[in-house]
2 protein chains.
Amino acid sequence: MSSNVYHFDVLVIGAGHAGTEAALAAARVGAKTALLTTNLDTVGQMSCNPAIGGVGKGQIVREIDALGGAMGQAIDATGIQFRMLNLRKGAAMHGPRAQADKRAYQAEIKRLVEEQENLSLRQEGVEDLLTEPAAKASHAQSPLAEGPVVRMTGVRVRGGAEYRAAAVVLTTGTFLQALMHTGEAKTAGGRAGEGTTSGVSQSLQTLGIRLERFKTGTPPRLNGRTIDYSACEIQPGDEQPQPFSFLTERITQAQVPCYITHTTAASHELIRANLHRAPMYSGQIETSGPRYCPSIEDKIVRFAEKNQHQLYLEPEGRNTLEVYVNGVSTSLPRDVQDALFRMIPGCEHAQIMRYGYAVEYDYAPPEQLRATLETKQIDGLYFAGQINGTTGYEEAGGQGLIAGTNAALKVANREPLVLGREQAYLGVLVDDLVTRGVDEPYRMFTSRAEYRLLLRQDNADRRLTPLAEQLGLVDSRRAEKLRAKQAEILRLTTLLDATRYEGLSLAERMRRPEVDWPAVVQMAPPDTARELAEAGPAAVEQVVNDIKYAGYIARQNFEVERQQRLASKPIPAEFDYGRLVHLRHEAREKLLRIRPRDLAQASRISGITPADISLLMAHLKASR
Amino acid sequence: MSSNVYHFDVLVIGAGHAGTEAALAAARVGAKTALLTTNLDTVGQMSCNPAIGGVGKGQIVREIDALGGAMGQAIDATGIQFRMLNLRKGAAMHGPRAQADKRAYQAEIKRLVEEQENLSLRQEGVEDLLTEPAAKASHAQSPLAEGPVVRMTGVRVRGGAEYRAAAVVLTTGTFLQALMHTGEAKTAGGRAGEGTTSGVSQSLQTLGIRLERFKTGTPPRLNGRTIDYSACEIQPGDEQPQPFSFLTERITQAQVPCYITHTTAASHELIRANLHRAPMYSGQIETSGPRYCPSIEDKIVRFAEKNQHQLYLEPEGRNTLEVYVNGVSTSLPRDVQDALFRMIPGCEHAQIMRYGYAVEYDYAPPEQLRATLETKQIDGLYFAGQINGTTGYEEAGGQGLIAGTNAALKVANREPLVLGREQAYLGVLVDDLVTRGVDEPYRMFTSRAEYRLLLRQDNADRRLTPLAEQLGLVDSRRAEKLRAKQAEILRLTTLLDATRYEGLSLAERMRRPEVDWPAVVQMAPPDTARELAEAGPAAVEQVVNDIKYAGYIARQNFEVERQQRLASKPIPAEFDYGRLVHLRHEAREKLLRIRPRDLAQASRISGITPADISLLMAHLKASR
Ligand SMILES: Cc1cc2nc3c(=O)[nH]c(=O)nc-3n(C[C@H](O)[C@H](O)[C@H](O)COP(=O)(O)OP(=O)(O)OC[C@H]3O[C@@H](n4cnc5c(N)ncnc54)[C@H](O)[C@@H]3O)c2cc1C
Ligand SMILES: Cc1cc2nc3c(=O)[nH]c(=O)nc-3n(C[C@H](O)[C@H](O)[C@H](O)COP(=O)(O)OP(=O)(O)OC[C@H]3O[C@@H](n4cnc5c(N)ncnc54)[C@H](O)[C@@H]3O)c2cc1C
């Protein structure tokens, strides 16, 4: 069998959302890359909801796209309903979201991978990680004082063949020693109908990587033929769907509607009566799940005062009747799931095609990582995605892109890619993971970013594509497109500065909240007005946001500096968090549990946001 | 857990090609049906080649369609290349074949299942069969003299829930105790990347069902980006693609080409040098595989004189670069598979995405079945598909339809559906299975049908749709369509009989080989000619074939009767089969191995065709 050895520069294990972006990025940077995954028919599969984006997550997709990734293009090609969330709020809060045709999305991601030069996509189940002692670490200083540093040499796959490479990106998602729960029933597997991976967990532990357990859950899927949509509220997509990718000019496909229904008092009663049979409450599951994608049983307990919750009936694709019920993630027993729908308007006769379940899996606490997503313990081993204790396709894809890029840069002996918190949500994400760790599955929110007026979804290309071009992550088409846009922005800005209306420049005029772009165009003399009116909408959006938010951004920068200065103030041990009425429920819970010594420690607690810290700081000042 | 019990009339286990047709048929007949399958994402999945139909198999698809099944409609909707095979031969030999977009095909089958009233498609892994002693069998006479008859009551699934029904159709394909081989490497699983099913095998054995092992294999898949198509020959689809379904008026989608290349002397040398590492030759696999889909290593051994074999590079879909290499099914070790392509024109730099492998699995020798596909031992338990020792999607789908229909008829206390050998290829298929058994995976050929001039692909609707209508298998749309066609056939036939040209009726004229339809139209007086010219092509095809083949069909009937009369003549023990130079290679091999006592026994040997028997009979007569 010695002849079954394959040599690559970079290996990526697992072709989920993290793995596909990792492999594409490594190959684009120039590394000869292999992407190994258990089953080629599940490349880029959406384990849970058939949707991409959202507030915070949508920004990440735009950043992945700006860095040359696949997610934005794939959802633009296969989306069935596009909505820009939070449009009534400021630009920093806008979040693009789209429903996907789940199978088409997956096929499109696979196709993009197949088309990538330098990249071999191969169906393989990885069973073991291969290492050798490293005489000296390739990093300047070894993170571990004691003992020799170990270095990756490759992996062994099912059937015995070996893949050799100096850099390996592990993106095995929810599959490490995975156990699924539906009520009292427990079965092994990382996704219903699929298997689990235990060899890799053992390898990691042998190599000294610490593993912990998290859980996540998914709702039941219904047969749309058995739903009475006339009892539900229709939710159409945006009339002018906005693409995710900076390369997509326009979304042309027809959109399909979703439907909204809700839980009822009777259904809450049912769940409450069966809580003792829910693995989360019976003690059968002891690990934490994602607070922000709570199961329905969690919602009933945590928000006991509410007597209904909205449910979204989301089609899983154009060519299937299968419907995802957004809002009832659950691991309640089957009979409770069946009975539940009998009490939901429109779903009284609905048939379940797949039951909801929870899955518990190993993750590696991310404080074991460097900011490049390379493990501190093992030279050349990178982690990305769910394995780092995160949740979400977008978070996984973003980490994959960073890890894959760094793996390729490392084997080429080039400087690594580390994004700052002021540069990208991806910078915030990675920094949060490696400096704060996680105590529940980590999901992105705009509130995690201190500089979120800088990190808008609309300017991700301006923030990141030039850097991506230097690294070789994007092709010339993308770089050229940005250059043209930048030139137009500059031209428009110059024009607005140079043109005056009743004593003030048009730029100064536009700072006023009530003055929008059409108003500015009207103020300009005819020739200039024509020029302004003909400008591309993408460039105009940037010019408007740059001018409108200039003041806020300056203030925000100041605020951040102040926070950093004051963050080390002590908090009295007996401090009464009850007084902070505006403190978020989660923040209060965590602060009470951990009782941090000072604001610095408080700010490092996972899930505590800069806004929480400001609030706390204000109260500490006031109470002095 | 007692509350997790679901009640149905009919259960179908496994949503492959057999299971989907079985469940659709049972539901159409009116039974409340559940289709339970391990993973809803693999419903209707093509395990091996992305194509439907062929000579013999295409006829089955037409019959499935005439009986209201899904396969024909699904391939019409998702085919990417259509070809009518054997067009130069007579109508009995025409076989429609189409390449499928594999994933679109699967999605379409799933959608048809989701849309079916009375049918619940549910993701479940079946682990156990549930039975009870039956005081008296529901069949008039028990097939087993000794002991009580056992009756199905349902199944138990992963996680412990139970499904109850009096009729269960088992269609678990290649998944029973499945073991995959690639060279020396062995892994458990019924299809690469998936698991195996062992509980069901144990249940069956406990219930007294005899299980045997077969094997089948699949070729490697390549990344089309790495193939040099300019070194291959292009193979386009038919200019006028013919639909499979009698409901489809026209195929409108664009077709994509396949490419043809070939093995080389050097590649044969390579395989020969590595035969000792091929599981089929090393002794690692001892079971039989399908003679008519031989592995490349089989071909090199059995046809040692040939120094090249054609290979077809078939795209797996419109939106993927993955390519199926038709012609190199193999379980040779990976390094041999890699090296092999280096020697194939156009594939010198081709990258393998999935390696070829063989799979060994349990099947239940089909002589344990009645002609309804119900097992003799267990009341209410039906088998269909690969589990009966057959191979092929079409054979599986056809059996599924028969078994599902019979399961539904049984629970409704209605007469079963048994098709005669003169009625349908499906009649031949089932009769072959239950009366002859199998000693290698059974595949359909036109040569298996004695009445193949009756069983043409073009007249499947006329043969079967009226029967299907009686059973409730087809909707009124289909039945009406056939009635209109029948009326037109009758009208045209009457017209041809009544219209004379130079003393003979047009019908008599058309019996002449050189007289085709346009010629007949020209012979008619203007008014009749106009009427004939305006007739629908489907009706015309029937009228022409009815008239043209009338004589042959009569002769064939006579021939069949004669064969039956003489089939019991003795064959001398020392009979020299070498003298029969026209005897097929396979037939000689089998006759030599078994040395049947008489023609009756010879005719029952699986794989021995009526044509072989005629030949043998002629020689026996001559040698007397
Ligand atoms: C039941 C369930 C519910 C979820 N609910 C939510 C939710 O509500 N909200 C949310 O944001 N996210 C949810 N998720 C998480 C979401 O699916 C993940 O965040 C995302 O898929 C992570 O991407 P990934 O690339 O890290 O891993 P995955 O998408 O899981 O991909 C991992 C890949 O690795 C492959 N693999 C595993 N082991 C091996 C091996 N040994 N060798 C080769 N390949 C291997 C797998 O086949 C798979 O292709 C849920 C996931 C599951 C399973
Ligand atoms: C490697 C390979 C190579 C092949 N090569 C050829 C070839 O060259 N030529 C050819 O004609 N045919 C070939 N075949 C066979 C072809 O795939 C089958 O003939 C056809 O798929 C049989 O259909 P089926 O419905 O009987 O089974 P399948 O299509 O195998 O479907 C079985 C279904 O049952 C499900 N299932 C299994 N166990 C359970 C359970 N316990 N509970 C619930 N569901 C279950 C499975 O998930 C699957 O959906 C090959 C198959 C394989 C795997």
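The rule finds eight salt bridges across the interface of chain B and chain A, a salt bridge being a side-chain nitrogen of Lys or Arg within 4 Å of a carboxyl oxygen of Asp or Glu. This is a predicted model, in which local features need pLDDT of at least 70, side-chain atom pairs count only at pLDDT 80 or more, and totals for chains, interfaces and linings use all residues. Residues are numbered from 1 along each chain as its sequence is written, chains are lettered from A and ligands numbered from 1 in the order in which they are written, and side-chain values use heavy atoms, with hydrogens and water left out.

**Interface of chain B and chain A**

- One salt bridge joins B:E117 to A:R225, with 3.8 Å between the closest N and O atoms.
- Between chain B and chain A, 47 residue pairs are in polar contact, both residues at pLDDT 80 or more. A polar contact is a pair of N or O atoms within 3.5 Å; within protein, one must be able to donate a hydrogen and the other to accept it, and residues adjacent in sequence count only if both atoms are side-chain atoms.
- On the side of chain B that touches chain A, the elements giving two or more residues are helix 4 (102-115), strand 7 (119-123), strand 13 (185-188), helix 9 (334-342) and strand 20 (352-354) of chain B. Helices (H or I, at least four residues) and strands (E, at least two) are DSSP runs numbered from the N terminus.
- Helix 4 of chain B supplies the largest share of that side, eight residues.
- By class, the side of chain B that touches chain A holds 17 nonpolar, 17 polar and 20 charged residues. Ala, Val, Leu, Ile, Met, Phe, Trp, Tyr, Cys and Pro count as nonpolar, Asp, Glu, Lys and Arg as charged, and the others, Gly among them, as polar.
- In total, 54 residues of chain B are in contact (heavy atoms within 4.5 Å) with 54 residues of chain A.
- The two chains bury about 4500 Å² between them, 37% of it on carbon and sulfur atoms. Buried area is the accessible area (1.4 Å probe) that two parts lose on being put together, summed over both.

**Ligand 1, in chain A**

- Ligand 1 is surrounded by 35 residues, the closest being A:A18, A:V126, A:T197, A:Q386 and A:G392; a residue is near if one of its heavy atoms lies within 4 Å.
- A nitrogen atom of ligand 1 is 3.0 Å from a side-chain N or O atom of A:T391, and a polar side-chain atom of A:T216 is 3.3 Å from a nitrogen atom of the ligand.
- A polar backbone atom of A:T171 lies 3.5 Å from an oxygen atom of ligand 1.
- The protein covers 97% of the 980 Å² of accessible area that ligand 1 has on its own, by the Shrake-Rupley method with a 1.4 Å probe.
- Strand 14 of chain A gives the most to the shell around ligand 1, three residues.
- The shell around ligand 1 consists of 13 nonpolar, 20 polar and two charged residues.

**Ligand 2, in chain B**

- Among the 35 residues around ligand 2, the nearest are B:A18, B:V126, B:T197, B:Q386 and B:G392.
- An N or O atom in the side chain of B:T216 is 3.2 Å from a nitrogen atom of ligand 2.
- Strand 14 of chain B provides the largest share of the shell around ligand 2, three residues.
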